Amino acid sequence: MCSNSNRRAVKMLEEIKAKRESMIHCASQNGFTNEMTIKLSQELDELINEYQRTFRSHKESENAGKTFVKMVKVMPGKKLVEI
């Protein structure tokens, strides 16, 4: 990952952490079914989904063209077992 991606990841994770803390505080003060708690929870979900979309596609592009090896377990006197 290049340094711009690292900075972006750190920024996004800080936003996720702050939103999570806000949601937890709101829930402890107002309850889990409070309208604001639910709104914060939905915003947190969106931040997490954005993070996963951003960095999953980056990781997939890094892995493009790599060869994956199947693992096998060798048991004496037995057939090879695919893991």
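Me: How many helices and strands does the chain have?

Reply: Happy to walk you through it, and keep in mind that this is a predicted model. The chain has 2 helices and 2 strands. Read from the N terminus, the elements run α-α-β-β.

Me: Which residues make up the largest nonpolar core?

Reply: Start with the general idea: in soluble globular proteins, nonpolar side chains tend to be buried together. Here, the largest nonpolar core has 6 residues: Ile 16, Met 23, Cys 26, Leu 40, Leu 44 and Leu 47. Helix 1 (3-30) and helix 2 (35-63) each supply at least two residues of this core.

Me: What does Leu 44 touch, not counting residues up to four places away in sequence?

Reply: Leaving out those sequence neighbours, Leu 44 touches Ile 16, Lys 19, Arg 20 and Met 23. Of these partners, Ile 16 and Met 23 are also listed in the core.

Me: Is Thr 37 buried or exposed?

Reply: A residue counts as buried under 20% relative accessible area. Thr 37 has 4% relative accessibility, so Thr 37 is buried. This threonine lies in helix 2, and its contacts beyond four places in sequence are Met 23, Cys 26, Ala 27, Gly 31 and Phe 32.

Me: What share of the residues in the chain is buried?

Reply: Buried residues account for 16% of the 83 residues. As for the accessible surface, the chain has about 7100 Å², with 55% belonging to carbon and sulfur atoms.

Me: And among contacts between residues at least 6 apart in sequence, what share joins residues at least 24 apart?

Reply: For this chain, that share is 50%.

Definitions and conventions: Residues numbered from 1 in each chain as written. Predicted model: local features only at pLDDT ≥ 70, side-chain atom pairs only at ≥ 80, totals over all residues. Heavy atoms only, no water. Core = buried A, V, L, I, M, F, W, Y, C linked by side-chain atoms within 4.5 Å. Buried < 20%, exposed > 50% of the residue type's maximum accessible area, 1.4 Å probe, protein only. Helix = DSSP H or I, 4+ residues; strand = E, 2+ residues; numbered from the N terminus. Contact = heavy atoms within 4.5 Å. Areas by Shrake-Rupley, 256 points an atom, 1.4 Å probe, with all protein chains shown as cover.
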